[in-house]
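Biologist: Could you walk me through this structure, starting with how its parts sit together?

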Amino acid sequence: MSCLQTIQDYGLRSLGFGERLLPRSDFTLCEHFTLIGSGMIWNVYFGVVALAGGFFLATALAVAKASNAWWLRKPAEWFIFIFRGSPLFIQFFFAYFLFLSLKSVHPIFDPFTAAWLGALIVLFFNTAAYSGEIFYGALRSIPKGDVEAADAYGMAGWPRFRRIIWPTMLRLAWPAYTNEAIFLFHATALVFFSGFPAWQQRGDALYYASYFADKTFNPFVPYPILAFYFILLTLVITAGFGFVNRRLNRHLPRDQRRKMRFRPNLIR
Amino acid sequence: MFSYCTDPDTLGQIRWLSCFLTTGVHMSFYMSFLKVLFLLAVTAPVALAFGFVGAMAARSRLLPVSLMGKTYIAVVRGVPDIAFFLFFVIALDQAFEYIRHKVLCPDWDQPIRQGSDFIVCQAAKLPLGTDPQWMHETYGFILAVLTFAIVFGAFAANVLFGGMQAVPRAQLETAEAYGLNPGQIFWRILVPQMWVYALPGLSNLWMVLIKATPLLFLLGIEDIVYWARELGGTKTARFSDYPHGDWRMWYFFALLVFYLLMTRVSEVVLERLMTRLSHGQATTGGEAQRRAAA
Amino acid sequence: MKKLILTTAALALSAGMAFAAGHSQTVRMGTEGAYPPYNFINDAGEIDGFERELGDELCKRAELTCEWVKNDWDSIIPNLVSGNYDTIIAGMSITAERDEVIDFTQDYFPPTASAYAAASDAADWENGVVAAQTATIQAGHIAESGAALVEFATPEETVAAVRNGEADAVFADRDYLAPLVDESGGALVFIGPDVPLGGGVGMGLRESDTELKAKFDAAITSMKADGTLNTLLVKWFGEGTATY
C-alpha cells in the first residue's frame, strides 16, 4: 500500500473518517506519521479553542484580581489559586467525575463526558487561570505615567481600559503568555492519557503514539515522531506569537523593543 | 497496626477506619509522599545546575557550544514532558549500560541489539543482577531525577539565559572599566545580579515541577497518584480484609489538598526570598526597599 | 532466517556460560500488581495473588532466587527486552504479535474466555457502547466487532463506566469480572457469549534467554504433572475454572 493511500485512509482517522480499523501488523513509518499526525488535529483543536476562550476569561480574571472590591477579588484569587495549584491530572479526574454526576441530573449534560467538550472546559479554565495570573502581574507593572496621561486626556472607564491599559498589559505580558500557550498545547497530550476515555479509537497524537508503542513494543519510534510533531507545533506558535509581539511593540523605538524581548521569560 | 485489627469485620466505624488507614498499603502511600518531597528536593538543585550549564553554553562565544546550548533548550522545551518520559528513561538506562558494556567487556563479540532484545554482559548491568532490590530502586530513583533534571534544566536554562541578558549592561561595562577579566565579570558581577531577574521565572518553574510529579509513575517510581489509584479502586472481600467501593474520589481529594498546600507554602517562601534578593538591587523592588528604609 | 537461528543458538551458549559463572543468579519477576486474582497488592502492601504463589513455587522447583518487581502495564514489555527484569508474570495472554518480540513459556493458565458484563440483561453488547481497557486484546476485539469501543486507562474505570451508565457493557477477562459480578448484588450481570481470546497465559521472557525459559518450562511441566497447578487454579479462581 502506498503512502498516499495510507494518508487517504488514516489522515482523518482521529475524527472518525476513513478506515474503521487501525493497522494491526507490519507497521510502516508512513502509518506512524499519518496516524500520529491525524491525532495532532485534536491537540491543535484543544489548544486553539481553549487559548482563544481562555484569553477573555483571563483578562476578566486579571481585572477582577486587581480590583479593590473584595467580592470581585476573592473569587478570582481562589479560582486562580485552585487551577494553578493542582496538577491537570487531578483536575481532569474531578471534572470527569463531576460531569458524570451532572449527566444523571439532566440529559443536557450528556456531551460533557466526551473529551471534545469536557476536556476542553477543563483546559479552558486551566489556561484562563494561568494567563490570568500573568495578565495580573502585567497589570500591576503598567507604568504610572501611561495611566496619568490617559487621565489628562479625559479618558476614563471603558475607553481608558480598552485603549491604554489593555494594550499595555498585553505588551508586557506577551513573552510570558507565549510560554503559557506552548505549555497549554503540551498539556493537551494528557487528555486521553489520563483524563477522558477515547471513543472508537479516535484519540490525540499521544493516543496513537502509545497505540503503536503497544503494538510494536518499541517506544523509540512513535514517541520521537510525536516529539517531532510537537516541536513543529511549538515553532509555529513561537512564530505566530512573535509576529503579534512585533505588532504590539511596533510604536516603540528600536532599542526599547529589543529590551522587551529580553525580559526574563515567566513560564507557567 | 493496632491489636484490635485482627478481625476488621467486627469493628465499629471509627476503629475500622483507624485499622484501614494503617494497613501496609497505606504506609506505602504515606511513604510515597515523602518520596515525592525528597525527589523534589533533589531534582530542583540538579535541574538548576543543568540550567546553569545550558544557559552558559547558550551564551558562549564559540558558535558550536552556543548552538548546542540553544538546541538543547529549544528541543526539550518543544516536547511535552509526558512524551519525553515515555521513552527517555529506557533510552538513558540503555545508554549507561551500553557505555559500561564497551568499557567493562571489550572482548564480547555478540551484538548488543538482537531483534528487540538489548543485551549487555552481566558485569555491565546497572545495577548488577545480583544486587538487592533497594539498589534497583535507588537506581530507578536516580534515573527519574536525571530525567526530570534534563527536562526542567532546559526550562531553567531558558529562564537563566533571560536573567543573564537582563542584567543592565552598564554594570558589566563598569566592571570592564575596573579591569576585571571576563571570568571575574561573569562570576562576581553577572551571576550575583541575575538571580533577582531570574527568580520569578524560577518560581514558576518550581510550581510546574511540583505539578509534574504525577508523571513519576511513568518513570517507574510508585508515586502518590499511583497509590491513590491503587487504594481508591474497588476492593472485593476476596482479596482484601477491607472491602470498599470506588473511593478514588477521596484519595484524589487528599492529593488535591496536598498539592494546594505545597503551592501555598512555596508561594510564601518564594515571596520572602524575592524580598531578600531584591535588597540592594538596581530594580524597582530594590529601590522601594531603599526608600522605605530611608 | 537461518542467520537469526544461528545467532540465537550462539547466544544461548554464551548466556549459559554467564549462568554458570554467576552461580546464584537472581531472577527478577516483573508483574503489574493491579489485576486480581492474577496479581494484586494485598493489605500489607506486598504483591499477592495466583501468580505470586505460582511464581514462588516455580522458582523453588527451578532452584532460582526470585525477586518481585512491579511495573506499569504499558511499558512492561519494553522494560523486559531492555533487561530491567527477566520475566513477565502478569496474566499476559500468549498472542502472535507478542510472540514476535518476546518468548513465552508454555501456558500455566488454560486459554481464557473473555466476557461481557452489563448492568442488565437487556443491554446491547453487540451494537451498543462497550468499554475495554486501552491496549488489551479485548479492546482489539471490540474495535473489530460492531460495537462502539470506549477505552479507559485502567480496568477499574471500565467497570465504573458500566456502573455509571457511560457504557452499555464492559468486555474483559472473565476471571477479572467474576468476583466483581458476584459481589455486586445484581448490579452487574454477565451477558452475551464468552469469547475465547489469546492462547492461554504464559510467562514472558527475552527471546535470548532460552536457558531460563527451559528451566521454567520444566518447572511448569512438573507442577502440571503432580496436580499442584490445578490446586492453585481452584484456590484462586474457584471451583468452576478450567484446569489441566
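**Domains, sheet and interface**

Modeller: Between domain 1 of chain C and domain 2 of chain C, about 790 Å² is buried, with carbon and sulfur atoms giving 54% of that area; buried area is the accessible area (1.4 Å probe) that two parts lose on being put together, summed over both. This is a predicted model, in which local features need pLDDT of at least 70 and side-chain atom pairs count only at pLDDT 80 or more, while totals for chains, interfaces and linings use all residues. Residues are numbered from 1 along each chain as its sequence is written, chains are lettered from A and ligands numbered from 1 in the order in which they are written, and side-chain values use heavy atoms, with hydrogens and water left out.

Biologist: Where do the domains of chain C run?

Modeller: Domain 1 of chain C covers 2-110 + 199-237 and domain 2 covers 113-196, with bounds that come from an automatic or database domain assignment. Their centres, taken over C-alpha atoms, are 28 Å apart.

Biologist: And how many residues of each domain are in contact?

Modeller: Ten residues of domain 1 of chain C contact six residues of domain 2 of chain C, where contact means heavy atoms within 4.5 Å.

Biologist: Switching to the sheet, what is the strand order?

Modeller: The open sheet has six strands in the order 1(A)-10(C)-9(C)-11(C)-8(C)-12(C), with mixed pairing. Strand 1 (198-199) of chain A and strand 12 (189-196) of chain C are at the edges with a single partner strand each, so one side of each has no neighbour in the sheet. Strands here are DSSP runs of E, at least two residues, and helices are runs of H or I, at least four residues, numbered from the N terminus; two strands pair if DSSP finds at least two bridges between them.

Biologist: Which way do strand 8 and strand 12 of chain C run, parallel or antiparallel?

Modeller: They run antiparallel, and five bridges join strand 8 (residues 113-118) to strand 12. A118(C) has V189(C) in strand 12 as its bridge partner.

Biologist: How many salt bridges are there between chain C and chain A?

Modeller: There are two between these chains, counting a side-chain nitrogen of Lys or Arg within 4 Å of a carboxyl oxygen of Asp or Glu. One of them joins the side chains of K215(A) and E97(C), at 3.5 Å from N to O. Strand 10 of chain C gives the most to the side of chain C that touches chain A, with five residues.
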